[in-house]
Amino acid sequence: MKAKDWISDLRVYEPGKPIEEVARELGFDDIADIVKVASNENELGPSPMAIEAMQEAIPDMHRYPDGGAFYLKRKLVDKIGVEPEQLLFGCGSNELIIFLCHVFMEQGKNLVMGAEAFAVYFLANALYQGETIRVPMPDHVHDLEGMLAAITPDTRLVCICNPNNPTGTIVSAEAIDAFIEKLPDHVVAVFDEAYFEVMPEDKKPDVLKHIRAGKENIIVLRTFSKAYGLAGLRIGYAVGHPKLIGLLNKVRQPFNVNAMAQAAAMAALDDNTHIVETREMVFQGLAFFERELPKLGIETVPSGANFILVKTGNGREVFQKLQKRKVIVRPMDPYGLPDHIRITIGTPEQNQTMLNALKAVMA
Ligand SMILES: *Cc1c(COP(=O)(O)O)cnc(C)c1O
């Protein structure tokens with residue numbers, strides 16, 4: 001076999017460990033009491049309305065999905081105030097990141113991202129032999145001025161993850177507006193808003209207003225995997241200028257978003273109560289960790305998402321020790337943060353379990 005060498009050289013993304021895998025590895029018979037707070041999933045589960053919609057959809061699963069997601073698009077159009085031609089759905093927003101790289105990246109071109117930002121931008125870029133320029137993030141926050149300064153004539157994409165995974169940090173709406181104003185025309189800015197629905201209301205930027213105003217070279221990515229609690233279904237969406245959406249649509253497989261996901265997503269968009277409850281759980285949990293962890297001498301990074309980055313020292317070891325206590329978190333050494341772990345906010349009981357386990361491990 002003669003694989004392309006840039007493919008052979010790729011490193012594989014390390015996802016949050018599934019509960020069953022930890023149970024297998026560590027020989028736990030009972031998995032019911034394992035707490036997984038490693039992948040920023042919604043611990044309230046899917047919306048009850050989405051569950052009902054999925055049950056209703058089962059008998060039609062012999063049909064191919066609607067490749068154009070007509071009804072889901074229509075619902076989203078009403079919700080966020082854009083045109084159907086400005087929307088594209090993906091098998092998770094991860095697939096949309098792949099589409100962006102497929103369309104824009106190649107050898108000799110580069111992608112600009114934050115040094116502590118979501119690893120998938122780099123991995124997707126590497127698939128197409130793009131170079132990655134990493135811009136330092138003072139206090140773990142995207143430096144948008146620095147990112148503008150890093151742009152070269154060969155830059156094709158600049159990715160801003162807001163709030164950023166894994167640091168949880170938010171860039172201000174003013175900084176974003178200033179950035180968009182100065183963005184060169186030859187670069188597409190990708191605003192990854194995977195945690196938009198759980199952001200504090202007063203810190204939410206309005207990137208969509210620029211898209212509504214006709215700006216061609218910016219795109220917003222959102223997902224049903226986080227606040228909406230549908231990570232298992234794999235569905236996310238992009239909002240952009242019809243020209244840009246049209247380009248991405250060229251590399252999309254006709255049935256990339258399954259019918260169950262479309263049915264559930266539509267129902268989830270109608271369930272505002274579920275989102276309100278999710279936000280309350282997240283705000284309460286963040287306050288809990290911000291209050292309790294410093295008492296253990298553990299620093300926290302201010303978060304606008306449903307997770308928190310915390311400095312325990314030796315993150316990988318803490319991760320392994322927590323696992324033995326049936327708590328799964330994420331070690332942050334792959335992000336150049338070897339002293340940190342990332343904890344997803346769960347229910348109050350899960351948060352307490354997490355804290356107790358961390359106390360025991362740190363003692
Ligand atoms: C979770 C996450 C995604 C979404 O992934 P899906 O493929 O939609 O499940 C995208 N970007 C960031 C920064 C994330 O944390």
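The UniProt annotation "domain: Aminotransferase class I/classII large", from an unreviewed entry, covers residues 33–358; such annotations may be inferred rather than shown by experiment, and their positions are given in the numbering used here. Over residues 33–358 the chain is 39% helix and 17% strand, with the end C-alpha atoms 16 Å apart. This is a predicted model, in which local features need pLDDT of at least 70 and side-chain atom pairs count only at pLDDT 80 or more, while totals for chains, interfaces and linings use all residues. Residues are numbered from 1 along each chain as its sequence is written, and side-chain values use heavy atoms, with hydrogens and water left out.

**The open sheet**

- Helices (H or I, at least four residues) and strands (E, at least two) are DSSP runs numbered from the N terminus, and two strands pair if DSSP finds at least two bridges between them.
- Four strands form an open sheet in the order S9-S10-S13-S12, with antiparallel pairing, and its edge strands, S9 (299–300) and S12 (330–331), each pair on one side only.
- S12 and S13 (residues 340–344) pair in the antiparallel sense over two bridges, and Arg 330 has Arg 342 in S13 as its bridge partner.
- Helix H12 (residues 272–292) packs on the sheet, touching S9, S10 (307–311) and S13, and its direction makes about 10 degrees with that of S10; contact here means heavy atoms within 4.5 Å.
- H13 also packs on the sheet, where H13 touches S12 and S13 and its direction makes about 45 degrees with that of S13.

**Helices H3 and H11**

- Helix H3 (residues 48–57) and helix H11 (residues 259–270) pack at an angle of about 150 degrees, with their axes 8 Å apart; axes are lines fitted to C-alpha atoms, for helices over the stretch in contact, and angles run from 0 to 180 degrees between N-to-C directions.
- That angle makes H3 roughly antiparallel to H11, since angles under 35 degrees count as roughly parallel, over 145 as roughly antiparallel, 65 to 115 as roughly perpendicular and the rest as oblique.
- Met 49, Ala 50, Ala 53, Met 54 and Ala 57 in H3 meet Met 260, Ala 263, Ala 264, Ala 267, Ala 268 and Asp 270 in H11.

**Helices H13 and H14**

- Helix H13 (residues 315–324) and helix H14 (residues 348–362) pack at an angle of about 120 degrees, with their axes 10 Å apart, which makes H13 oblique to H14.
- On the H13 side, Val 318, Lys 321 and Leu 322 meet Met 354, Ala 357, Leu 358, Val 361 and Met 362 in H14.
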